[in-house]
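Let's walk through this one together, starting inside one chain and then moving out to where the chains meet. Have a look first.

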Number of protein chains: 2
Amino acid sequence: MLNILKITSFTQLLYTNIHKICAKVQIMSKNLTKRSEDYSKWYNELVVKADLAENSGVRGCMVIKPYGYGIWEKMQAALDKMFKETGHENAYFPLFIPKSYLSKEASHVEGFAKECAVVTHYRLKNAEDGSGIIVDPDAKLEEELIVRPTSETIIWDTYKKWIQSYRDLPLLINQWANVVRWEMRTRLFLRTAEFLWQEGHTAHATEKEAIEEAEQMMNVYADFAENHMAVPVIKGTKTESERFAGAIETYCIEALMQDGKALQAGTSHFLGQNFAKAFDVKFATKEGSKEYVWATSWGVSTRLMGALIMTHSDDNGLVIPPKLAPIQVVIVPIYKGLDQLDQISETVNPLVKELRAKGISVKFDNRDTHKPGFKFNEYELRGVPVRLAIGPRDLENGTYELARRDTLQKETVAATDVVAKIEFLMEDIQKNMYQKALDYRTNHITEVNSYDEFKKVLKEKGGFISAHWDGSKETEERVKNETKATIRCIPIDAKEEEGTCMVTGKPSNKRVLFAKAY
Amino acid sequence: MLNILKITSFTQLLYTNIHKICAKVQIMSKNLTKRSEDYSKWYNELVVKADLAENSGVRGCMVIKPYGYGIWEKMQAALDKMFKETGHENAYFPLFIPKSYLSKEASHVEGFAKECAVVTHYRLKNAEDGSGIIVDPDAKLEEELIVRPTSETIIWDTYKKWIQSYRDLPLLINQWANVVRWEMRTRLFLRTAEFLWQEGHTAHATEKEAIEEAEQMMNVYADFAENHMAVPVIKGTKTESERFAGAIETYCIEALMQDGKALQAGTSHFLGQNFAKAFDVKFATKEGSKEYVWATSWGVSTRLMGALIMTHSDDNGLVIPPKLAPIQVVIVPIYKGLDQLDQISETVNPLVKELRAKGISVKFDNRDTHKPGFKFNEYELRGVPVRLAIGPRDLENGTYELARRDTLQKETVAATDVVAKIEFLMEDIQKNMYQKALDYRTNHITEVNSYDEFKKVLKEKGGFISAHWDGSKETEERVKNETKATIRCIPIDAKEEEGTCMVTGKPSNKRVLFAKAY
């Protein structure tokens, strides 16, 4: 396209340079590592190149960039609505947890003490030797504060004040917050020292009600994953060794990534009376007796971004389902000179308005500083579900060129049909992405009946492996040590089936799902 | 009402007891301290009794309760929309700031080092003497991390990577986050060690554009305060000594509370090139030269909750403007026996549906565990704008009893008119609350021309005092030390007016606003 530019002024000279720069960037971004070459590298590059997130100057902490945060906002909005529809309210509890609180529930502190950020001082001062600012030794806290890794302890310390009677129950509260776990090996979205999440904390009068709540929230998460993220998940319970520190039962949803590894996408815990006992939270029953309340907690985090990316994206970049796409449709004009751009805008502007009125988010990218090829590449990389292109010939013919991101198919659509077509695609792309991911998963659940077969499938194919297990920690540990695969869950819908443990030959009445996992 | 209950069963006996408890609670909550007795005590009691927030077990950190958080969510939604409409996008930056970052901008570190939470370690462990868990001395961080008191430094460290050319500008980003400032004297919402806020951080190619941005955001804040919170504000600039640490100019909006004290409700800072220089952020201009970028930052916080409460509420409790009320209309049934409640519900349910369809949030409080009087009291305390009551006589007459919270007026409204009436009230209460607050403020801006008059007005009347000032730090400091009043702002719309400083007699060409402040 360079040859069509008449270079008659400094601005146009610059314009040419920009085109050169753009062309360069275009080539650069095509350099995304292929999934088949190095899946892990592909993921890391994609997250940064698609402007989702990047590492910060603080070890293990990420910066979530506007485009990535835009997807997270859509996730938050959908989840928040679902939480409210199931009777929950939002609240906010302190970032800091006194060290003594963390210790009150024995298994909880075991789970979280090893990787936490500890605040010990509350002031800096100028060093007397002029070497800069230092921590003021006179400003030491009497009791150290832990930056919350999860909020059960501070919340149950509060619930003690809020719960007196059965009339105060159930207490159904959610919090959107940041939490910190001092992970040593971090990866953008998947494992970061600080991450964003929501944590629900509920209190109930009966065990049954608390279990129902924990199960309900697992179902809400599964609904969200499948219907908004287009990520099929398997619902199940965790084995004892994989349970949340302090839980009686951990429910989870497990997704399968394109490299055959599983990813835990959300958990919901039935906490029994553990925290009520640790924080002495009792309620007066209708009958007048005093009883400890029953608890749940449940959470999903920015880790969902990792699941979304790794389920759908391809070697060209992100593929985002319409329901979570910050930009659902992008319109790219193809023109020579600003007069032609004006003509195109006259046609495009009413379309933009009409689509927005239907609640579809549209971007008309009329930047004159970038070439269409650059733009095509950029929106492909960013996973915009539908791209429309319109040039002088389309103007003449009353058409658009339409490309869908999920299948990379292109077609010419009459301008009169384009709104209906886009409305159809918002549904169809969502469905198609789910179906594609479901097909992949279906093809990657393998039943095995021997440990040798297990190892072979794990090595050659990956995915979920459905096998009999004797129910012991020792066998679970042995498989983990020997193969790196863990029991992802005991599926909720697992059939009763007589069998023998693939490792020990001991009796088993249910298959569980193993996989290597993120 | 107790005498009408036939006590024939254990449940009913319990019911009676509940009524007794309710009656007690009702009397208790009427015990809200009067504003005229002790304004500060009234505020503290109201925040807790109206279920907005409470102190936590962590020094200076509050728990924002669901009802309070519901108001904050409405504030967030309205502000977020305004930010996006003015071209800003949300992103998320790390909670932690390496100590060295904070030091890079000299006046900034002076402003924030004295009251910050410092993370020094990343692990706890069991004490060898079995005395509990302790900070692991082997897990000391190489460089201490500060819990962000504000994010200029970590953000500008990031912007260095994001900004290369004029094409990357303007960069218009906002973050919703928690921040920590280790305040020694804290009060719920007004001054807490941790608080929630939004912080905008923008980068521009020119000084002019950055100043326009800072002014724009001051205007956005004023618009929000006046049109959503119904809180009139004065727009102005801060004097040098009241400026944000690192700013060239601080714009602010100042509100007046019912006790005659001012409250800074939002600030917007023109930061010049201070942070660009501190973090070496340059951009290539169109002409090819390299220049430092120009910056702004701007924020409002959960402090707005304090402004909202103290502007409107009365001795009966909160008064919330319709635009921010989590519940805009409450309907309380007055009945004897569940049959009557059923009859009332048949009439009320369609009304609830109709109001909700119009986007009005309604609660039908059909709890059988609480008396109408208790409910009336509760919703008055919680500031619900409109209360409808409906009893058997209303059913017969086809009416509702309607009470508006702002004026405490009651009237009987025909059921056929009630929707239209409520729609009208949503506007009218909002307007009336603003007008009432504006009238109060108008009556509490006093022009004075001598320091004696100044002291007299400050003592006897409070409010804003408009006076001439010689522009010197010394005079400002003297007034502050002698009277506790500070210069709240130099109003944007202050007229040119020849005068002499009320303290020193030196020439002045503009009046500034003094007040005691929160």
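How many bridges join β13(A) to strand β16 (residues 294–301) of chain A? There are five, and the two strands run antiparallel. (Strands here are DSSP runs of E, at least two residues long, numbered from the N terminus, and two strands pair if DSSP finds at least two bridges between them.) Within this pairing, A:His269 stands opposite A:Ser297 in β16(A).

Before going on, a word on what you're looking at: this is a predicted model, where local features need pLDDT of at least 70 and side-chain atom pairs count only at pLDDT 80 or more, while totals for chains, interfaces and linings use all residues. Residues are numbered from 1 along each chain as its sequence is written, chains are lettered from A and ligands numbered from 1 in the order in which they are written, and side-chain values use heavy atoms, with hydrogens and water left out.

Back to β13(A), which covers residues 262–272. Strand β12 (residues 249–256) of chain A pairs with β13(A) too, antiparallel over eight bridges; A:Glu249, for one, has A:Phe270 as its bridge partner. Five residues sit between the strands of that hairpin, and A:Gly260 takes a positive phi near 85 degrees. As for β13(A) itself, ten of its eleven residues are buried (under 20% relative accessible area, using a 1.4 Å probe on protein chains only).

Now for the interface. Chain B puts 73 residues in contact with 73 residues of chain A, contact meaning heavy atoms within 4.5 Å. The area buried between them is about 5700 Å², with carbon and sulfur atoms giving 64%; that is accessible area (1.4 Å probe) lost on putting the two parts together, summed over both. B:Tyr92, B:Leu124 and B:Arg167 supply 12% of what chain B buries against chain A, more than any other three residues.

There are four salt bridges between the chains (a Lys or Arg side-chain nitrogen within 4 Å of an Asp or Glu carboxyl oxygen). One of them links A:Lys161 with B:Glu54, the closest N and O atoms being 3.5 Å apart.

Finally, find B:Ile64 in strand β2 (residues 62–64) of chain B. B:Ile64 is buried, at a relative accessible area of 1%, and its contacts include A:Ala91 and A:Tyr92 along with B:Leu52 and B:Phe189.

Terms used: Buried means under 20% relative accessible area, exposed over 50%, partly exposed in between (1.4 Å probe, protein chains only). Helices (H or I, at least four residues) and strands (E, at least two) are DSSP runs, numbered from the N terminus. Lists of a residue's contacts leave out its neighbours within four places in sequence.
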